[in-house]
Amino acid sequence: MNQEILKKITNQDYNTIANRIQNGLEQKIKETNSKGVIFGLSGGIDSAVIAYLCNNVFKEKTLAIIMPDSKVSPESETSDAIKIVDELGLDYKL
């Protein structure tokens with residue numbers, strides 16, 4: 001990987017980035033007069049990050065939907081998704 005790109009990636013202020021995303025989510029919920037957030041949780045890194053961000057802002061108003069597909073999703077990902085909701089105490093549907 002290009003060293004310049006790697007340096008840019010590693011020198012990011014990830015707390016500021018997380019706060020911006022969380023503020024954006026919170027603003028969108030207010031603008032749309034929504035009651036909460038529902039998202040798909042696969043157990044992969046992308047949806048795990050969303051779980052943590054939503055937990056920080058909307059814990060009591062967050063529902064994770066875990067939809068394993070035995071033909072596509074590895075069993076370990078479903079297991080990881082359940083570990084995430086258990087760790088965060090999020091409501092979920094399987």
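**The sheet and its surroundings**

Modeller: Let's begin with the parts list: the chain has four helices and three strands. Here helices (H or I, at least four residues) and strands (E, at least two) are DSSP runs, numbered from the N terminus. This is a predicted model, where local features need pLDDT of at least 70 and side-chain atom pairs count only at pLDDT 80 or more, while totals for chains, interfaces and linings use all residues. Residues are numbered from 1 along each chain as its sequence is written, and side-chain values use heavy atoms, with hydrogens and water left out.

Following the sequence, you get the pattern α-α-β-α-β-α-β.

The three strands make an open sheet in the order 1-2-3, with parallel pairing; two strands pair if DSSP finds at least two bridges between them. At the edges sit strand 1 (37-40) and strand 3 (91-93), each pairing on one side only. From one strand to the next, the twist averages 25°; axes are lines fitted to C-alpha atoms, for helices over the stretch in contact, and angles run from 0 to 180 degrees between N-to-C directions.

Zoom in on the pairing of strand 1 with strand 2 (residues 62-65): the two run parallel and are joined by four bridges. As for glycine 40, its bridge partner in strand 2 is isoleucine 65. Helix 3 (residues 45-58) packs on the sheet, where it touches strand 1 and strand 2; contact means heavy atoms within 4.5 Å. The direction of helix 3 makes about 165° with that of strand 1.

Next, look at the loop between helix 2 (14-32) and strand 1, where you'll find asparagine 33. The phi of asparagine 33 is near 55°, a positive value in a residue other than glycine. Most residues other than glycine have a negative phi. Asparagine 33 counts as exposed because its relative accessibility is 69%; the cut-offs are under 20% relative accessible area for buried, over 50% for exposed, and partly exposed in between (1.4 Å probe, protein chains only).

Finally, step back to the whole chain. Its C-alpha atoms fill a box of roughly 40 × 35 × 20 Å, taken along the principal axes. Of the 94 residues, 24% count as buried. Among contacts between residues at least 6 apart in sequence, 69% join residues at least 24 apart.
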